[in-house]
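Q: Could you take me through one part of this model closely, as I am new to it? Please begin with a ligand and then show me what lies around it.

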Amino acid sequence: MEEDVNLRKKAELSLGGGIKLPKGFVMPYRLSRSTAGPGAGSSSAVFSFGKYRVKKGVSYDSGEFELHDEGGVLSLTRSGLPFLSGVDIKPVVYHCPEQAFFNLDQRCMYNCAFCASPRLDRNVTKGLTPESIVKMVKDAMDTKKVGSVSLTSGVVDSVDETVKRMTDTVHALRGEFPDIPIGVEPYVSSDSHILALKEAGADEIKMNLEAATDDIFKRVCPELDRDGIFRLLSSAVGIFGRGRVTSNMIFGLGETDDELKDAVERLCEMEVIPTLRALRYNAYNGESLKAAIGDVPKVTPDRALSVARMLKACLERHDLDSRECHTMCIECTCCDLVPFRDV
Ligand code: SF4
Ligand code: SF4
(Lines give C-alpha, C1' and ligand atoms only; values in the text may rest on other atoms or scores of the structure.)
(Ligands and ions follow the chains in the order given, each with its own letter.)
Protein backbone atom coordinates (compact mmCIF):
# COMPACT_ATOMS: atom_id res chain seq x y z
CA MET A 1 0.00 0.00 0.00
CA GLU A 2 2.85 2.34 0.94
CA GLU A 3 4.36 1.52 -2.43
CA ASP A 4 1.24 2.59 -4.35
CA VAL A 5 1.17 5.92 -2.56
CA ASN A 6 4.79 6.53 -3.45
CA LEU A 7 4.23 5.45 -7.06
CA ARG A 8 1.55 8.12 -7.42
CA LYS A 9 3.89 10.61 -5.77
CA LYS A 10 6.54 9.69 -8.33
CA ALA A 11 4.04 10.38 -11.13
CA GLU A 12 3.06 13.71 -9.59
CA LEU A 13 6.61 14.79 -8.83
CA SER A 14 8.04 13.83 -12.19
CA LEU A 15 5.27 15.60 -14.13
CA GLY A 16 5.21 18.65 -11.86
CA GLY A 17 7.36 21.78 -11.67
CA GLY A 18 10.78 22.29 -10.16
CA ILE A 19 12.00 22.07 -6.57
CA LYS A 20 12.86 25.14 -4.54
CA LEU A 21 15.80 24.62 -2.22
CA PRO A 22 15.92 26.14 1.28
CA LYS A 23 17.99 29.29 1.55
CA GLY A 24 21.60 28.38 2.28
CA PHE A 25 21.03 24.65 1.69
CA VAL A 26 24.22 23.03 0.44
CA MET A 27 23.61 20.21 -2.02
CA PRO A 28 25.47 17.09 -0.87
CA TYR A 29 26.49 16.35 -4.48
CA ARG A 30 27.25 18.44 -7.53
CA LEU A 31 24.26 19.38 -9.66
CA SER A 32 23.70 17.77 -13.04
CA ARG A 33 23.48 20.10 -16.03
CA SER A 34 21.55 17.96 -18.53
CA THR A 35 21.77 18.41 -22.29
CA ALA A 36 19.20 15.75 -23.14
CA GLY A 37 16.02 14.37 -21.63
CA PRO A 38 13.21 16.27 -19.89
CA GLY A 39 15.64 18.24 -17.69
CA ALA A 40 17.75 19.53 -20.60
CA GLY A 41 18.98 23.01 -19.93
CA SER A 42 18.31 23.05 -16.20
CA SER A 43 20.41 22.36 -13.13
CA SER A 44 18.98 19.26 -11.59
CA ALA A 45 19.41 16.69 -8.86
CA VAL A 46 18.13 13.20 -8.19
CA PHE A 47 15.65 12.79 -5.33
CA SER A 48 14.82 9.32 -4.05
CA PHE A 49 12.11 7.98 -1.78
CA GLY A 50 11.59 4.28 -1.16
CA LYS A 51 12.59 2.46 -4.34
CA TYR A 52 11.71 5.43 -6.54
CA ARG A 53 13.87 8.20 -7.87
CA VAL A 54 13.14 11.33 -9.86
CA LYS A 55 15.45 13.87 -11.44
CA LYS A 56 14.19 17.40 -10.93
CA GLY A 57 15.26 20.91 -11.77
CA VAL A 58 16.27 22.82 -8.63
CA SER A 59 16.59 26.49 -7.80
CA TYR A 60 16.93 28.73 -4.75
CA ASP A 61 14.35 31.15 -6.17
CA SER A 62 11.15 29.29 -6.96
CA GLY A 63 9.54 25.91 -7.49
CA GLU A 64 6.19 24.13 -7.35
CA PHE A 65 7.75 21.85 -4.75
CA GLU A 66 9.84 22.99 -1.80
CA LEU A 67 12.58 21.04 -0.05
CA HIS A 68 12.75 21.19 3.74
CA ASP A 69 15.76 20.18 5.80
CA GLU A 70 15.15 19.50 9.47
CA GLY A 71 18.45 18.43 10.95
CA GLY A 72 19.35 16.45 7.86
CA VAL A 73 15.89 14.87 7.49
CA LEU A 74 14.56 15.92 4.09
CA SER A 75 10.94 16.32 3.01
CA LEU A 76 9.00 18.04 0.24
CA THR A 77 5.97 20.26 0.33
CA ARG A 78 3.87 21.18 -2.68
CA SER A 79 2.36 24.64 -2.80
CA GLY A 80 2.87 24.83 0.97
CA LEU A 81 1.21 21.48 1.79
CA PRO A 82 2.99 18.31 2.94
CA PHE A 83 3.86 16.16 -0.08
CA LEU A 84 6.59 13.63 0.65
CA SER A 85 8.68 12.61 3.64
CA GLY A 86 11.74 10.37 3.79
CA VAL A 87 13.42 12.06 0.83
CA ASP A 88 17.06 11.48 -0.01
CA ILE A 89 19.37 13.11 -2.57
CA LYS A 90 21.40 10.70 -4.68
CA PRO A 91 24.76 11.31 -6.32
CA VAL A 92 24.88 11.52 -10.08
CA VAL A 93 27.81 9.92 -11.93
CA TYR A 94 27.35 11.66 -15.27
CA HIS A 95 23.75 12.72 -15.91
CA CYS A 96 22.26 9.84 -13.91
CA PRO A 97 22.78 7.89 -10.70
CA GLU A 98 25.09 4.87 -10.88
CA GLN A 99 25.54 5.38 -14.60
CA ALA A 100 27.80 7.47 -16.81
CA PHE A 101 25.54 8.77 -19.58
CA PHE A 102 27.16 11.12 -22.10
CA ASN A 103 25.60 13.25 -24.79
CA LEU A 104 28.39 13.34 -27.37
CA ASP A 105 26.93 16.44 -29.03
CA GLN A 106 23.85 18.40 -28.10
CA ARG A 107 23.70 20.05 -31.53
CA CYS A 108 21.46 18.42 -34.14
CA MET A 109 20.71 19.07 -37.80
CA TYR A 110 17.12 17.93 -37.24
CA ASN A 111 14.42 19.88 -35.49
CA CYS A 112 12.12 17.57 -33.57
CA ALA A 113 9.50 19.80 -31.98
CA PHE A 114 9.80 18.36 -28.46
CA CYS A 115 13.59 18.25 -28.31
CA ALA A 116 15.44 20.83 -26.26
CA SER A 117 18.99 19.63 -27.01
CA PRO A 118 19.69 21.57 -30.22
CA ARG A 119 17.95 24.66 -28.82
CA LEU A 120 20.17 25.02 -25.78
CA ASP A 121 22.18 28.22 -25.97
CA ARG A 122 25.37 26.88 -24.41
CA ASN A 123 27.26 23.99 -25.99
CA VAL A 124 28.37 22.10 -22.90
CA THR A 125 29.17 18.92 -24.80
CA LYS A 126 31.96 20.62 -26.75
CA GLY A 127 35.28 18.84 -26.61
CA LEU A 128 34.20 15.34 -25.55
CA THR A 129 36.48 12.74 -27.16
CA PRO A 130 36.67 8.95 -26.76
CA GLU A 131 39.80 9.45 -24.66
CA SER A 132 38.30 12.11 -22.41
CA ILE A 133 35.18 10.00 -21.87
CA VAL A 134 37.26 6.95 -20.90
CA LYS A 135 39.18 9.12 -18.44
CA MET A 136 35.99 10.60 -16.97
CA VAL A 137 34.55 7.12 -16.42
CA LYS A 138 37.78 5.90 -14.84
CA ASP A 139 37.91 8.90 -12.51
CA ALA A 140 34.26 8.45 -11.55
CA MET A 141 34.89 4.80 -10.70
CA ASP A 142 37.41 5.90 -8.06
CA THR A 143 34.70 7.49 -5.96
CA LYS A 144 31.33 6.15 -7.11
CA LYS A 145 29.53 3.05 -8.23
CA VAL A 146 29.37 3.10 -12.03
CA GLY A 147 27.13 0.25 -13.18
CA SER A 148 26.98 1.08 -16.88
CA VAL A 149 27.97 3.58 -19.55
CA SER A 150 25.57 5.05 -22.10
CA LEU A 151 25.97 7.32 -25.09
CA THR A 152 23.53 9.49 -26.96
CA SER A 153 24.09 12.23 -29.53
CA GLY A 154 22.40 14.77 -31.72
CA VAL A 155 23.11 14.36 -35.42
CA VAL A 156 25.85 16.76 -36.44
CA ASP A 157 26.97 17.19 -40.07
CA SER A 158 25.80 13.71 -41.10
CA VAL A 159 24.37 10.48 -39.70
CA ASP A 160 27.49 8.61 -40.88
CA GLU A 161 29.89 10.92 -39.03
CA THR A 162 27.79 10.92 -35.87
CA VAL A 163 27.57 7.12 -35.78
CA LYS A 164 31.31 6.88 -36.48
CA ARG A 165 32.07 9.10 -33.49
CA MET A 166 29.78 7.01 -31.27
CA THR A 167 31.32 3.78 -32.56
CA ASP A 168 34.83 5.07 -31.85
CA THR A 169 33.76 5.99 -28.32
CA VAL A 170 32.21 2.56 -27.70
CA HIS A 171 35.40 0.95 -28.99
CA ALA A 172 37.57 3.00 -26.60
CA LEU A 173 35.27 2.26 -23.66
CA ARG A 174 35.11 -1.46 -24.39
CA GLY A 175 38.90 -1.62 -24.64
CA GLU A 176 39.24 -0.13 -21.17
CA PHE A 177 36.20 -1.69 -19.48
CA PRO A 178 35.72 -5.23 -20.85
CA ASP A 179 32.72 -6.09 -18.66
CA ILE A 180 30.68 -2.94 -18.16
CA PRO A 181 27.29 -2.80 -19.93
CA ILE A 182 27.38 -0.18 -22.69
CA GLY A 183 24.20 1.29 -24.18
CA VAL A 184 23.93 3.48 -27.27
CA GLU A 185 21.15 5.77 -28.47
CA PRO A 186 22.04 6.77 -32.04
CA TYR A 187 19.99 7.97 -34.98
CA VAL A 188 20.98 5.43 -37.64
CA SER A 189 20.15 5.15 -41.32
CA SER A 190 21.57 1.75 -42.28
CA ASP A 191 22.13 -1.76 -40.96
CA SER A 192 25.88 -1.16 -41.17
CA HIS A 193 25.59 1.58 -38.53
CA ILE A 194 23.93 -0.86 -36.12
CA LEU A 195 26.45 -3.59 -36.89
CA ALA A 196 29.41 -1.23 -36.34
CA LEU A 197 28.11 -0.24 -32.90
CA LYS A 198 27.56 -3.87 -31.94
CA GLU A 199 31.00 -4.92 -33.18
CA ALA A 200 32.62 -2.05 -31.28
CA GLY A 201 31.20 -3.52 -28.07
CA ALA A 202 27.77 -2.02 -27.39
CA ASP A 203 25.36 -4.32 -25.51
CA GLU A 204 22.08 -2.46 -25.89
CA ILE A 205 20.72 -0.06 -28.48
CA LYS A 206 17.89 2.44 -28.29
CA MET A 207 16.39 3.73 -31.53
CA ASN A 208 13.45 5.96 -30.90
CA LEU A 209 10.14 5.81 -32.69
CA GLU A 210 9.35 9.14 -31.01
CA ALA A 211 5.57 9.25 -31.67
CA ALA A 212 2.72 6.73 -31.66
CA THR A 213 1.26 7.52 -35.09
CA ASP A 214 2.56 8.39 -38.56
CA ASP A 215 0.61 11.62 -38.59
CA ILE A 216 1.99 12.91 -35.27
CA PHE A 217 5.49 11.75 -36.19
CA LYS A 218 5.36 13.78 -39.44
CA ARG A 219 4.42 16.86 -37.46
CA VAL A 220 6.93 16.56 -34.61
CA CYS A 221 9.86 14.94 -36.46
CA PRO A 222 9.34 16.21 -40.02
CA GLU A 223 12.86 15.39 -41.17
CA LEU A 224 13.08 11.84 -39.80
CA ASP A 225 11.98 8.62 -41.52
CA ARG A 226 9.49 6.58 -39.45
CA ASP A 227 9.28 3.63 -41.86
CA GLY A 228 13.07 3.54 -41.85
CA ILE A 229 13.12 3.45 -38.05
CA PHE A 230 10.74 0.46 -38.02
CA ARG A 231 12.84 -1.36 -40.61
CA LEU A 232 16.08 -0.63 -38.75
CA LEU A 233 14.58 -1.65 -35.39
CA SER A 234 13.88 -5.04 -36.91
CA SER A 235 17.51 -5.28 -38.11
CA ALA A 236 18.71 -4.19 -34.67
CA VAL A 237 16.88 -7.11 -33.01
CA GLY A 238 18.68 -9.45 -35.42
CA ILE A 239 22.04 -7.88 -34.54
CA PHE A 240 21.70 -7.10 -30.81
CA GLY A 241 19.18 -9.79 -29.88
CA ARG A 242 15.71 -10.00 -28.37
CA GLY A 243 15.22 -7.63 -25.45
CA ARG A 244 18.46 -5.74 -26.20
CA VAL A 245 16.74 -3.17 -28.40
CA THR A 246 14.57 -0.43 -26.94
CA SER A 247 12.60 2.36 -28.57
CA ASN A 248 11.14 5.43 -26.95
CA MET A 249 7.83 7.06 -27.77
CA ILE A 250 6.68 10.32 -26.29
CA PHE A 251 3.05 10.34 -25.23
CA GLY A 252 0.92 13.41 -24.70
CA LEU A 253 1.42 14.58 -28.29
CA GLY A 254 -2.28 14.22 -29.09
CA GLU A 255 -2.42 10.43 -29.62
CA THR A 256 -5.24 8.36 -28.12
CA ASP A 257 -4.63 5.57 -25.62
CA ASP A 258 -5.60 3.03 -28.31
CA GLU A 259 -3.10 4.49 -30.78
CA LEU A 260 -0.37 4.34 -28.14
CA LYS A 261 -1.27 0.76 -27.30
CA ASP A 262 -1.21 -0.26 -30.99
CA ALA A 263 2.29 1.20 -31.39
CA VAL A 264 3.48 -0.51 -28.19
CA GLU A 265 2.01 -3.79 -29.42
CA ARG A 266 3.73 -3.45 -32.80
CA LEU A 267 7.13 -2.87 -31.15
CA CYS A 268 6.68 -5.78 -28.75
CA GLU A 269 5.73 -8.06 -31.66
CA MET A 270 9.09 -7.09 -33.18
CA GLU A 271 10.75 -8.07 -29.86
CA VAL A 272 11.68 -4.46 -29.19
CA ILE A 273 11.14 -3.13 -25.67
CA PRO A 274 9.15 0.12 -25.91
CA THR A 275 9.79 2.91 -23.41
CA LEU A 276 7.17 5.60 -22.94
CA ARG A 277 7.98 9.15 -21.89
CA ALA A 278 5.39 11.72 -20.93
CA LEU A 279 5.76 14.94 -22.91
CA ARG A 280 7.15 17.75 -20.80
CA TYR A 281 7.08 21.37 -21.83
CA ASN A 282 10.09 23.52 -21.03
CA ALA A 283 11.59 26.87 -21.92
CA TYR A 284 12.95 25.44 -25.17
CA ASN A 285 10.14 23.44 -26.76
CA GLY A 286 6.88 25.32 -26.03
CA GLU A 287 6.76 27.31 -29.26
CA SER A 288 7.83 24.49 -31.57
CA LEU A 289 5.33 22.10 -29.98
CA LYS A 290 2.49 24.58 -30.32
CA ALA A 291 3.32 25.04 -34.00
CA ALA A 292 3.48 21.26 -34.55
CA ILE A 293 0.56 19.91 -32.51
CA GLY A 294 -1.39 22.94 -31.25
CA ASP A 295 -2.72 23.06 -27.71
CA VAL A 296 -2.70 19.53 -26.34
CA PRO A 297 -3.65 18.80 -22.73
CA LYS A 298 -0.72 18.05 -20.45
CA VAL A 299 -0.17 14.46 -19.35
CA THR A 300 -1.80 13.87 -15.98
CA PRO A 301 -0.43 11.54 -13.28
CA ASP A 302 -3.50 9.31 -13.86
CA ARG A 303 -2.69 8.93 -17.54
CA ALA A 304 1.00 8.33 -16.83
CA LEU A 305 0.07 5.55 -14.39
CA SER A 306 -2.42 3.90 -16.74
CA VAL A 307 0.01 4.10 -19.67
CA ALA A 308 2.76 2.48 -17.55
CA ARG A 309 0.39 -0.35 -16.61
CA MET A 310 -0.64 -0.82 -20.24
CA LEU A 311 3.04 -1.04 -21.21
CA LYS A 312 3.79 -3.57 -18.49
CA ALA A 313 0.86 -5.78 -19.53
CA CYS A 314 2.02 -5.70 -23.14
CA LEU A 315 5.61 -6.58 -22.20
CA GLU A 316 4.31 -9.46 -20.08
CA ARG A 317 2.20 -10.80 -22.95
CA HIS A 318 5.32 -10.85 -25.11
CA ASP A 319 7.61 -12.21 -22.39
CA LEU A 320 9.81 -9.10 -22.50
CA ASP A 321 11.29 -7.68 -19.31
CA SER A 322 12.85 -4.25 -18.83
CA ARG A 323 14.84 -5.57 -15.84
CA GLU A 324 17.12 -7.30 -18.31
CA CYS A 325 18.23 -3.93 -19.72
CA HIS A 326 21.05 -2.29 -17.76
CA THR A 327 21.73 0.98 -19.55
CA MET A 328 20.14 4.29 -20.50
CA CYS A 329 16.73 5.45 -19.28
CA ILE A 330 15.34 2.03 -18.33
CA GLU A 331 18.17 1.52 -15.85
CA CYS A 332 18.08 5.12 -14.64
CA THR A 333 14.28 5.35 -14.04
CA CYS A 334 14.51 9.06 -13.11
CA CYS A 335 12.04 10.44 -15.67
CA ASP A 336 9.50 7.67 -16.33
CA LEU A 337 7.33 5.08 -14.58
CA VAL A 338 9.27 2.02 -15.67
CA PRO A 339 7.45 -1.34 -15.86
CA PHE A 340 8.75 -4.02 -13.46
CA ARG A 341 11.04 -1.50 -11.74
CA ASP A 342 8.48 1.10 -10.65
CA VAL A 343 5.15 -0.37 -11.70
S1 SF4 B 1 17.08 13.68 -33.97
FE2 SF4 B 1 15.39 14.89 -33.10
S3 SF4 B 1 15.16 14.06 -30.99
FE4 SF4 B 1 17.19 13.43 -31.73
S5 SF4 B 1 18.60 15.02 -30.99
FE6 SF4 B 1 17.97 15.56 -33.10
S7 SF4 B 1 16.25 16.98 -32.82
FE8 SF4 B 1 16.55 15.86 -30.87
S1 SF4 C 1 15.61 8.69 -17.28
FE2 SF4 C 1 16.83 9.05 -19.12
S3 SF4 C 1 16.56 11.24 -19.60
FE4 SF4 C 1 15.91 10.92 -17.46
S5 SF4 C 1 17.73 11.41 -16.22
FE6 SF4 C 1 17.71 9.20 -16.58
S7 SF4 C 1 18.93 8.86 -18.42
FE8 SF4 C 1 18.40 11.05 -18.34
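Which of the eleven residues around ligand 2 come nearest?

A: The nearest of the eleven are His-95, Phe-101, Cys-329, Cys-332 and Cys-335; to belong to such a shell, a residue needs a heavy atom within 4 Å of the ligand. Before going on, please keep in mind that this is a predicted model, in which local features need pLDDT of at least 70 and side-chain atom pairs count only at pLDDT 80 or more, while totals for chains, interfaces and linings use all residues. Residues are numbered from 1 along each chain as its sequence is written, chains are lettered from A and ligands numbered from 1 in the order in which they are written, and side-chain values use heavy atoms, with hydrogens and water left out.

Back to ligand 2. Strand E8 (95-96) and helix H10 (328-332) are the elements that give two or more residues to its shell. Helices (H or I, at least four residues) and strands (E, at least two) are DSSP runs, numbered from the N terminus. Sorted by class, the shell has seven nonpolar, two polar and two charged residues. Here Ala, Val, Leu, Ile, Met, Phe, Trp, Tyr, Cys and Pro count as nonpolar, Asp, Glu, Lys and Arg as charged, and the others, Gly among them, as polar.

Where does this ligand sit relative to the domains? The chain is divided into domain 1 (2-90) and domain 2 (95-332), with bounds that come from an automatic or database domain assignment. Both domains give residues to the shell, so ligand 2 lies between them. Taken over C-alpha atoms, the centres of domain 1 and domain 2 are 24 Å apart. Their contact takes 18 residues from domain 1 and 25 residues from domain 2, where contact means heavy atoms within 4.5 Å.

Asp-319 counts as exposed because its relative accessibility is 65%; exposed means over 50% relative accessible area, buried under 20%, and partly exposed in between (1.4 Å probe, protein chains only). In the segment after H10 comes Phe-340, with a positive phi near 75 degrees, and it too is a residue other than glycine. Phe-340, however, is buried, at a relative accessible area of 16%.

Now to the other ligand. Around ligand 1 are Cys-108, Tyr-110, Cys-112, Phe-114, Cys-115, Pro-118, Gly-154 and Glu-210. This shell divides into six nonpolar residues, one polar and one charged. Asn-248 is found in strand E13 (residues 245-251) and counts as buried at 7% relative accessibility.

The buried residues of H7 pack against E13, helix H6 (226-240), strand E14 (273-278) and H9. Those buried residues are Leu-260, Ala-263, Val-264, Leu-267 and Cys-268. They fall within an arc of 135 degrees seen down the axis of H7, so they line one face of the helix; the arc is that of the directions from the helix axis to the C-beta atoms. An α-helix has 3.6 residues a turn, so residues three or four places apart point the same way. On the face of H7 turned away from its buried side are the exposed residues Asp-258, Asp-262 and Glu-269. Just after H7, Glu-271 takes a positive phi of about 70 degrees.

Finally, look at the loop between H3 and E11, where Asp-179 is found. Asp-179 counts as exposed, at 73% relative accessibility. Asp-179 and Ser-148 are 31 residues apart along the chain, and 9.4 Å separate their C-alpha atoms.
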